[in-house]
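Trainee: Please give me a close look at one part of this model, with the cut-offs behind each term. I would like a single connected account.

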Amino acid sequence: MSNPAFLTVAGAQRWDIYGPVHKGLRLAHGAMMARLGQADWSADQGDLLADLAAHLALGAAHLTHEEDHIHAALETRAPGAAQGLAAQHGHHRRRFTDLQRAMDQLAAAEPADRLRLGRALYITFTAFVAEDFEHMAEEETVVWPQLCALFTDEELAGIEMAIIGELTPEENIGFMRLMLPAMNPSERAGLLTGMKANAPPEAFAAVIDLAARPTLAANDFAELQRLGLVA
C-alpha cells in the first residue's frame, strides 16, 4: 500500500507536503464552481452562499497555515524565497474580500437584481479558481522541490504535523471532507490506516462519520469496510 505523504521528485520518494490538500481543494473548487454556475438565482440560494462562505473560510485557513509554517520554514533556509508566495496569498485574500462583498450584495438584493449579481459572483469565483490552480501548480512544481532540497523528510513531516496540530476539530473535518474524495483508493487507505493507528479513537471515528461516510461514493466506502477501516 502506498503512503499518500510521499511522491517522487528528482528520482526519489519524498514527503509530499502539498499534494493531498491541493487535490482536495481542486476537487472542491470545481464542485463549487459547478454549483454556482447551475444556480437559479431567482430563487433563494442561502444554503449555497453558506456553503461558499465555509469553502472560502477553509481556503483562507489554508493560506494562513502555509504562511505560518511552510513559508516561515522556507525563509529560515532561503531568506527571501517566500516573498513571491506571500504576494500571491495577498492577492487571494483580496479575492476573498471581493467574493464576500458579492455574496453580501446578492443576499440583500431585490429579485430583479439577483440574476445579474449571481452571475457576477460566479465570474469572480471562477477567476479566483483559475488563479489558485496556477498558484498551487507553482507550489508543487517549483516550491516543493526547493523544500525537498532544503529539508529532510522528517523535517517536512514535522512542518505538516505542526499544521495539523493547529487545526480545530471543525477545520480538521472540513479539510478531510475535501481530501478524502479527491484521493485515489490507495492514498485514501494509506491516510486512514495511519490515522487509525495514531489518532485518538474518537477523532478517527469523527473523520469516518463526518467526513468519509457523507462524501465518498458507495464503492469507495465499501472498500474501506473491506480493509477493516470502517466498522
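Mentor: Glu-155 lies in helix H5 (residues 153–166). Helices here are DSSP runs of H or I with at least four residues, strands are runs of E with at least two, and both are numbered from the N terminus. The model is predicted, so to speak of a local feature requires pLDDT of at least 70 and side-chain atom pairs count only at pLDDT 80 or more, while totals for chains, interfaces and linings use all residues. Residues are numbered from 1 along each chain as its sequence is written, and side-chain values use heavy atoms, with hydrogens and water left out.

Glu-155 has 30% relative accessibility and therefore counts as partly exposed; buried means under 20% relative accessible area, exposed means over 50%, and partly exposed is in between, for a 1.4 Å probe and protein chains only. Leaving out residues up to four places away in sequence, Glu-155 touches Arg-77 and Leu-150, where contact means heavy atoms within 4.5 Å. Ala-87 is 68 residues away along the chain, and its C-alpha atom is 25 Å from that of Glu-155.

Helix H2 also has a residue that reaches this part of the chain. His-69 is placed in helix H2 and, at 15% relative accessibility, counts as buried. Residues up to four places away aside, His-69 touches Ile-159, Ala-162, Ile-163 and Glu-166.

Ala-61 is in helix H2 as well. Its relative accessible area is 12%, so Ala-61 is buried. Beyond its neighbours within four places in sequence, Ala-61 is in contact with Glu-171 and Phe-175. From Ala-61 to Asn-198 the sequence separation is 137 residues, and the C-alpha atoms are 24 Å apart.

These contacts lead to the packing of helices. Two packed helices are described by the distance between their axes and the angle between them. Axes are lines fitted to C-alpha atoms, for helices over the stretch in contact, and angles between N-to-C directions run from 0 to 180 degrees. Angles under 35 degrees count as roughly parallel, over 145 as roughly antiparallel, 65 to 115 as roughly perpendicular and the rest as oblique. Residues are classed as nonpolar (Ala, Val, Leu, Ile, Met, Phe, Trp, Tyr, Cys and Pro), charged (Asp, Glu, Lys and Arg) or polar (the others, Gly among them).

Helix H2 (residues 46–77) and helix H6 (residues 169–182) have axes that come within 11 Å and cross at roughly 105°. H2 is therefore roughly perpendicular to H6. On the H2 side the contact is made by Leu-58, Ala-61, His-62 and His-65, and on the H6 side by Glu-171, Gly-174, Phe-175 and Leu-178. By class, this contact of H2 with H6 has four nonpolar, three polar and one charged residues.

For H1 and H6, the axes come within 7 Å and cross at roughly 90°. These two helices, H1 and H6, are therefore roughly perpendicular to each other. H1 contributes Pro-20, Val-21, Lys-23, Gly-24, Leu-25, Leu-27 and Ala-28, which meet Phe-175, Leu-178, Met-179, Pro-181 and Ala-182 in H6. The contact of H1 with H6 has ten nonpolar, one polar and one charged residues by class.

A nonpolar core is a set of buried Ala, Val, Leu, Ile, Met, Phe, Trp, Tyr and Cys residues joined through side-chain atoms within 4.5 Å. The largest nonpolar core has 27 residues, of which Phe-175, Leu-180, Leu-192 and Val-207 touch the most other members. Two or more residues of this core come from each of helix H1 (19–38), H2, H6, helix H7 (185–198), helix H8 (201–215) and helix H9 (218–226). H6 gives the largest share of this core, six residues. Another core, of 20 residues, lies apart from this one and has Met-32, Leu-56, Leu-121 and Phe-125 among its members.

His-29 is placed in helix H1 and counts as buried at 2% relative accessibility. Neighbours within four places aside, His-29 is in contact with His-55, Phe-125, Phe-128, Val-129, Asp-132, Phe-133 and Met-136. Phe-125 and Phe-128 are both buried, and both lie in helix H4 (residues 111–150), three residues apart, about one turn of the helix.
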